[in-house]
Amino acid sequence: MFINVFKAQLKLGFRNKSNVFWTLMFPIILGTLFKITFGNIYSEYKSESIKTAVVFETDNEDVKSTTKAYLEGLEMDGHKMLDISYMDYDSAVALLKDDEQVNGIISVKDDGRLSLDINSNGVLSTIQETITTIYNQNVGLIEKVAAEHPENLPAVIQTISGRAEYINAHSLAGDNKDPFVSYFYNLLAMTALFAALNSVRIGNNCQANMSTLGARTNASPLSRMTFQAAGFFAAYIVQTAIIFVGLTYMLFGIKINFGGDIPLIYFTTALASFLGTALGFAIGNLGSFAIEKKESILVGITLTGCALSGLMYGDMKVIITEKAPIINKINPAAVISDSYYCLNMFGAGSRYFMTLMYMLILSAVLIALGLFMGRRNHYDSI
Amino acid sequence: MIVFKSFFKVLRNYKMSLIMYLVISLGVIYILSSFNTKGNATYYRVSQGIAVQDNDKSEISKGLIEYLSTINGIKNAADYTDDQITDMIYYTKLSNRLLIPAGFGEAYLNGADTAALKIESTKEAGARMGYSVETEIDSYLNLLSGYLAGGFNVEEAQKLTMEALADNSAVSVVADVKVEDDKIFTIFQMLPYGILTMLFSAVLPVILRFGSMLLKKRSDISSTPVLKRQISIALAAGVVSVFIVIALITLASVLSEEAFTGRWWLIVLNLVTLSLTVVMLVVAVSNLNMKPEVSAGFTNVVGLSFSFLGGIFVPIEYLGSGAKVIGQFLPTYWYSEAMTRIKTGGGFNDILNCLLIQLLFGVMVMGVGLVAGRCIEKRTA
């Protein structure tokens, strides 16, 4: 009997065209748009040599060679800090104002000091300002020492010329450190939670007062538990198949680097789909009201959860972690997106397995809740 | 009047969607408004978040942390787990995790080879923010060692170094256009998501219900003429839209603590234009003979795609060239463009073409929708 109901529910699930269409279209349409939107942001945000125009406002060759050596010698993690072009001031200003083709203009003055012109504030301007300020302050240092402790001047010059490095730099561990990939995690979380729209009907379909199918199910010798279990597994298989198609498109069609092992990404997605199906199962068994209202509740839970886990604003999840960490523990969307994140940043370690455990526990709680609420419905006896 | 009243009766079924999208929009707006940025009229150093673990606790390390705190937000690394710090670096809430080893200050003062006693800095290797902080540290320590070599004691040298590095008088901003980035812009920038989702999730399904086959046939044989029925639906949809827009403008004005100023009127005009365009879009979609159930999915796709590609969630200047090209065909892009122009001191004439493009989009889409609707109706008749 279980197999018969399972087959029928499987057919019902695949024939629900509207649900199949939207669950499939979310990762395909929005994934493509996200790819177009975020595709280049990280590469531009990554550190490169800063395009800088240098203008000599002096004919003093000593000053010129000293500043040239200083600016060209600046390095960070094995690459030059500044990408320098030498030109006159007017050309430099034109480049600066024309879509910021250079990020700043460093002018070398007659007195050996530097000045910086920028078009807008930002991280690059801050780095250029630090470079300019430290050079000027070295000039100031020499003047100050020459005035107050002239005997120490050679030592000071030696210190300046032998600029020391005090940093031992390490890179953050992890596979793909592009923070914008978290938008794809949240998109997949939303798609997985929309699996609930397929399982929400199970509850109404076994309540005699909610649907004709429910009345027939109740009149049949089939136990409610068998019907619900068969419906649940059928909905799970339908949704997992759909979401796998969407995931495959994202991984191999538009080539999103999720980070981590691909089989584990599929495994995580299968669990996420299980959590989504469980959510729908619980809401479906929540009281006796129209399926449209239950679907509205589901969409509300899913979208609010996704908003809190960073679908609209990427940093939201970390803000919630700081202010109210419990929300991220019980928010299904945050738990799902965190599992992809952990796989990417920490690999298949304890934190990743912890998120999987969270998903399983949340799913178990939701299924138990659904079963408990589903078996409490009684009807007037004729 | 019956149709007009019925519209609101059907709308009651969608009150949950309305409330949900209102809460989501206001929640995101509220959080974003607390991270307001400064304008570009004068130079300022960009502040980063740094987690510091000072195992040295020497005069030198304390001085360094004090200097860094004048520019950046310092957090005590001991208050967080390793995973939390990694999360914050990944999500760019922190740029670096710094570990100052025990004995660093002593080695620094003795002029010993500090190779073995360097400050450990963990950062996202590709990000510029991490380099910015490391440049600040190296600059401070190098200048400090210069003053120490010059014969000043530690306290004097630290004071002189701090004063010297605080001087950024050599920097000037040459931009022709000075941007003043106030709270009102951050808040109103986010409103189109609310308008789009609320109108699509509440008004669209109600109109679709009125257009459903069974209801349409029953209405056709009623005594109410088709034109009167359509006008009633349009009026009711208009009333709902106006109510939503006024509610959002009021809430946004309260949150931004600004109303009835010159730029407020321009921003409101921009928002009203976009709302009108969205209403036209809703009218166009409602002609496509869709089932009311699909409006939830449609709302999600339209709300998110228009917002991301139109520079609502992510500023236009960050978008890739492909995204910018596609975005130019969307009204939200021109809404964002008008906001940028208002932000840079633009007046009505400067934003007029942005408003006209939004309206043009609406008229075109509505025209296409009406023609498509007529074709569908003919085919199904």
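User: A residue is buried if 20 or more other C-beta atoms lie within 10 Å of its own, exposed if 12 or fewer, and partly exposed in between, with C-beta atoms placed from the backbone. Is Ile50(B) buried or exposed?

Analyst: This is a predicted model: local features need pLDDT of at least 70, side-chain atom pairs count only at pLDDT 80 or more, and totals for chains, interfaces and linings use all residues. Residues are numbered from 1 along each chain as its sequence is written; chains are lettered from A and ligands numbered from 1, in the order in which they are written. Ile50(B) has 26 other C-beta atoms within 10 Å, so it is buried.

User: In which element is Ile50(B) found?

Analyst: Helices (H or I, at least four residues) and strands (E, at least two) are DSSP runs, numbered from the N terminus. Contact means C-beta atoms, placed from the backbone, within 7 Å. Beyond four places in sequence, Ile50(B) touches residues including Leu68(B), Ile74(B), Leu94(B) and Val133(B). Its own run covers residues 49-54 of chain B, which is strand 1.

User: How exposed is Ala94(A)?

Analyst: Ala94(A) sits in helix 5 (residues 89-97) of chain A. It has 13 other C-beta atoms within 10 Å, so it is partly exposed.

User: What distance separates the centres of the two domains of chain B?

Analyst: Domain bounds come from an automatic or database domain assignment. For chain B this gives domain 1 (2-37 + 180-380) and domain 2 (49-166). Over C-alpha atoms, the centres of these domains are separated by 49 Å.

User: And what distance separates the domain centres in chain A?

Analyst: Here domain 1 is 9-39 + 180-374, and domain 2 is 49-161. The separation of their centres, again over C-alpha atoms, is 55 Å.

User: Which element gives the largest share of the side of chain B that touches chain A?

Analyst: The contact takes 81 residues from chain B and 78 residues from chain A. Elements giving two or more residues on the chain B side include helix 2 (15-33), helix 7 (154-166) and helix 12 (295-309). The largest share, 17 residues, comes from helix 6 of chain B.

User: How are helix 2 of chain A and helix 12 of chain B oriented to each other?

Analyst: Axes are lines fitted to C-alpha atoms, for helices over the stretch in contact, and angles run from 0 to 180 degrees between N-to-C directions. Angles under 35 degrees count as roughly parallel, over 145 as roughly antiparallel, 65 to 115 as roughly perpendicular and the rest as oblique. Helix 2 (residues 17-38) of chain A packs against helix 12 of chain B at about 5 degrees, with axes 10 Å apart. That makes the pair roughly parallel.

User: How are helix 1 and helix 10 of chain B placed to each other?

Analyst: Helix 1 (residues 2-11) and helix 10 (residues 226-256) of chain B have axes 8 Å apart. Phe4(B) and Phe7(B) of helix 1 are among the contact residues, as are Ile233(B) and Ala236(B) of helix 10. Their angle is about 45 degrees. The two helices are therefore oblique.

User: What span does helix 13 of chain A have between its end C-alpha atoms?

Analyst: The expected span of a helix is 1.5 Å times one less than its number of residues. Helix 13 (residues 291-309) of chain A has 19 residues, so it should span 27 Å. Its end C-alpha atoms agree, at 27 Å.

User: How many residues of helix 12 of chain A are buried?

Analyst: Helix 12 (residues 262-284) of chain A has 23 residues and reaches 33 Å. It is mostly covered, and its buried residues number 17.

Definitions and conventions: Contact = placed C-beta atoms within 7 Å.
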